[in-house]
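The following exercises are to be worked with the coordinates at hand. Each task is followed by a solution in steps.

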Amino acid sequence: MILSLREFAQATLESGVVPAAAELDIHGKAPGQVAMETLWSCRTCMACVEICPVAVEHVPIIVQMRRKLVEDGAMDPLLTKTLQTIHKTGNSFGESKRKRGAWSKALPFPVKDARKQPVDVLWFVGDYASFDPRNQKVSQVFASLLHEAGVDFGILYDGESNAGNDVRRVGEEGLYEVLATANVNALSSASFKSVVTTDPHSFNTIRNEYPDFGGKYEIEHYTTLAKRLFTEGRLRVTNSAQIPRDFSRPLSFGPVQQGL
């Protein structure tokens with residue numbers, strides 16, 4: 001991709017004339033152009049940036065080029081539907097905002113609404129931890145750990161929206177700005193000392209990108225918080241000898257798992 005961009009730029013410079021508007025569109029399969037499939041195949045994991053010997057930052061370039069594709073509607077129909085769902089409901093599951101905190105009803109203790117009561121730790125839960133049935137169980141366990149450790153925490157309930165990390169990565173900058181602004185406003189309406197999140201994508205964008213929207217917070221991933229609670233003695237493992245039988249056995253893989 002980088003070499004194709006270089007060829008395109010070099011050919012333009014050598015021509016000595018400004019190309020027509022149509023020729024300025026880099027997206028395509030002509031010599032020196034970048035195929036749409038190439039841009040969408042990127043996972044934005046930054047591995048290429050980390051290993052590049054000449055410090056080329058590929059991912060920001062790819063995201064910028066994706067924005068042009070999104071503007072033109074040149075994307076997978078499933079992605080289009082997902083973005084429309086997030087724009088309409090504020091989450092990637094298409095669920096009502098009122099259901100975002102429903103997972104907490106199964107707990108034997110109430111979870112504070114950080115918009116109504118001041119808390120020490122505001123938990124930005126995220127879409128999957130809020131709506132996915134399997135991840136809801138993890139949310140309930142983490143909430144129980146916080147409660148057991150005596151952590152004063154709360155959530156935003158229906159005031160929380162999708163953090164927008166992946167929305168920005170696919171190139172829908174306008175929707176990302178809407179989501180980021182909404183979340184910053186929701187966070188600003190709450191009284192808290194720090195933020196914790198169970199979603200690494202939310203952690204990334206809140207920590208590194210929300211400051212551009214006026215939202216600068218002390219934030220940590222929930223694994224870091226859990227480790228600190230154990231280190232401080234606020235949480236203790238009391239049944240370490242009672243390891244479930246299945247987990248105490250060495251892992252064994254059949255031919256399929258080994259790829260044979």
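A salt bridge is a side-chain nitrogen of Lys or Arg within 4 Å of a carboxyl oxygen of Asp or Glu. This is a predicted model, in which local features need pLDDT of at least 70 and side-chain atom pairs count only at pLDDT 80 or more, while totals for chains, interfaces and linings use all residues. Residues are numbered from 1 along each chain as its sequence is written, and side-chain values use heavy atoms, with hydrogens and water left out.

**Exercise 1. Salt bridges**

Determine how many salt bridges there are, and state whether the partners Glu95 and Lys99 are buried or exposed, or fall in between.

Solution. 
1. Applying the rule gives 15 salt bridges.
2. One of them joins the side chains of Glu95 and Lys99, at 3.4 Å from N to O.
3. Buried means under 20% relative accessible area, exposed means over 50%, and partly exposed lies in between, for a 1.4 Å probe and protein chains only.
4. Glu95 has a relative accessibility of 28% and is therefore partly exposed; Lys99, at 46%, is partly exposed as well.
5. Another salt bridge links Arg234 to Glu232, with the closest N and O atoms 3.6 Å apart. Arg234 is partly exposed at 37%, and Glu232 is partly exposed at 46%.

**Exercise 2. A salt bridge between separate elements**

Identify which parts of the chain are tied together by Arg169 and Glu209, and assign each side chain to its accessibility class.

Solution. 
1. Helices (H or I, at least four residues) and strands (E, at least two) are DSSP runs, numbered from the N terminus.
2. The side chains of Arg169 and Glu209 form a salt bridge with an N to O distance of 2.8 Å.
3. Arg169 belongs to helix H8 (residues 165-169), whereas Glu209 is in the loop between helix H10 (200-208) and strand E5 (219-221), so the pair ties together parts that are 40 residues apart in sequence.
4. Arg169 counts as buried at 18% relative accessibility, and Glu209 is buried at 11%.
5. Both residues belong to a network of salt bridges that links Arg67, Arg168, Arg169, Glu173 and Glu209.

**Exercise 3. Helix H4**

Solution. 
1. Contact means heavy atoms within 4.5 Å.
2. After H4 comes Gly73, which has a positive phi near 75°.

**Exercise 4. The sheet**

Solution. 
1. In strand E1 (residues 112-113) lies Asp113, which is buried at 10% relative accessibility. Beyond its neighbours within four places in sequence, Asp113 is in contact with Ile155, Leu156 and Tyr157.

**Exercise 5. Aromatic pairs**

State how many aromatic pairs the structure holds and classify the pair of Trp123 and Phe153.

Solution. 
1. Rings of Phe, Tyr and Trp (its six-membered ring) pair if their centres lie within 6.5 Å; planes under 30 degrees apart count as stacked, over 60 as edge-to-face and the rest as tilted.
2. The structure holds 8 aromatic pairs.
3. Trp123 and Phe153 form a tilted pair, at 6.3 Å centre to centre with 55° between the planes.
4. This pair links distant parts of the chain, Trp123 in strand E2 and Phe153 in strand E3, 30 residues apart.
5. Trp123 is buried at 0% relative accessibility, and Phe153 is buried at 6%.
6. Trp103, Trp123, Phe142, Phe153 and Tyr222 form one aromatic cluster.
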